[in-house]
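Open the model in your viewer, keep the sequence beside it, and follow the stops below in order.

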Amino acid sequence: MANERILVVDDDKEIVRLVQGYLAKAGFEVLKAYDGETALHILRREHPDLLVLDLMLPDRDGWDITRLIRADTTLAATPIIMLTARVEDTDKIVGLEMGADDYITKPFNPRELVARVRALFRRSHLEIGATPAQVLRVGELRLDTGRRELCVSDQTVDLTPTEFDLLFVLMESPGYAFTRDELLEKGMGYTYPGMGRTLDSHIKNLRRKIEPDPRTPNYIQTIYGVGYRLVDDSV
């Protein structure tokens with residue numbers, strides 16, 4: 001299999017050099033950009049397999065770039081790991097709600113970044129052929145794992161890679177109450193302290209996309225003190 005290509009975007013050239021070294025050693029091909037406009041140009045020209053994106057850039061910030069990617073049908077499925085020096089939960093949550101798949105707070109361990117990149121690739125479209133395609137149905141939801149496609153009431157709904165994988169885990173076991181750690185491990189491939197807020201943000205995004213009324217969800221229910229479950233009222 002050809003090396004997956006990763007675009008690393010940060011205005012700190014030393015961080016880019018460090019990340020490039022670790023990713024290259026892990027077998028990935030690395031593209032580089034130091035500002036938002038260059039990053040968008042490379043994204044549209046090269047279509048990398050994953051984006052490592054700094055939040056604070058000198059021209060377009062990471063939020064703006066994430067918004068543009070998720071609105072572009074040719075780029076919308078690109079996994080995004082956001083780098084941020086801002087430690088406030090609200091900043092991280094905004095990034096996730098705009099469509100980032102994960103975030104890492106600076107300063108970070110490059111080995112952890114490589115581990116998260118690998119986890120994203122393990123569950124992305126790059127390894128679809130590793131397991132037989134399935135079509136899961138719960139109520140008006142139809143999830144096609146071969147096409148990485150969700151239809152709600154016969155309307156196609158765009159999901160980020162992480163949203164797709166979390167919904168797949170829930171739809172595989174309707175009625176089962178997943179703990180947060182179970183859902184993170186199965187849906188994202190890893191868990192670590194503090195990721196509960198990350199999961200909650202992804203669930204909020206999913207509800208916004210699949211529920212008739214996200215404020216009173218029919219499908220993804222919160223099990224207080226435990227986690228989440230998907231309800232199938234048709235059985």
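Begin by selecting Asp165, which is buried because its relative accessible area is 7%, where buried means under 20% relative accessible area, exposed means over 50%, and partly exposed lies in between, with a 1.4 Å probe and protein chains only. Before you go on, note that this is a predicted model, in which local features need pLDDT of at least 70 and side-chain atom pairs count only at pLDDT 80 or more, while totals for chains, interfaces and linings use all residues. Residues are numbered from 1 along each chain as its sequence is written, and side-chain values use heavy atoms, with hydrogens and water left out.

**Around Asp165**

Arg148 counts as partly exposed, at 22% relative accessibility.

Stay in the loop between β7 (141-144) and β8 (149-152), and select Thr145, which has its place there. Thr145 is buried, with a relative accessible area of 13%, and its side chain reaches the backbone nitrogen of Gln134 at 2.6 Å.

**From helix α6 to the sheet**

Next, colour helix α6 (residues 161-172), which lies across β10, β11 and β12 and runs at about 65 degrees to β12. Angles run from 0 to 180 degrees between N-to-C directions, and the axes are lines fitted to C-alpha atoms, for helices over the stretch in contact, where contact means heavy atoms within 4.5 Å. Helices (H or I, at least four residues) and strands (E, at least two) are DSSP runs, numbered from the N terminus.

In what order do the three strands of the open sheet stand? The order is β10-β12-β11, and the pairing is antiparallel; two strands pair if DSSP finds at least two bridges between them. β10 (178-179) and β11 (220-223) stand at the edges, each with a single partner strand, so one side of each is left without a neighbour in the sheet. To look at one pairing in detail, select Phe178 and its bridge partner in β12, Tyr228; β10 and β12 (residues 227-230) pair over two bridges.

**Other salt bridges**

Select Asp200 and Arg180, which form a salt bridge with the closest N and O atoms 3.0 Å apart. Asp200 lies in helix α8 (residues 196-210) and Arg180 in helix α7 (residues 180-188), so the pair ties together parts that are 20 residues apart in sequence. Asp200 is partly exposed at 24% relative accessibility, and Arg180 is partly exposed as well, at 27%.

Then move to Asp10 and Lys106, whose side chains meet in a salt bridge (2.8 Å, N to O). Asp10 is in the loop between β1 (5-9) and α1 (13-25), while Lys106 is in the loop between β5 (102-105) and α5 (110-122), 96 residues apart. Are these two residues buried or exposed? Both Asp10 and Lys106 are buried.

Finally, select Glu37, Arg60, Asp64 and Arg67, which are linked in a network of salt bridges.

**The whole protein**

Zoom out to see eight helices and twelve strands, with 15 salt bridges found in the whole structure. Buried residues make up 49% of the 235 residues.

Conventions
Polar contact = N/O pair within 3.5 Å; in protein donor to acceptor, adjacent residues only side chain to side chain. Salt bridge = Lys/Arg side-chain N within 4 Å of Asp/Glu carboxyl O.
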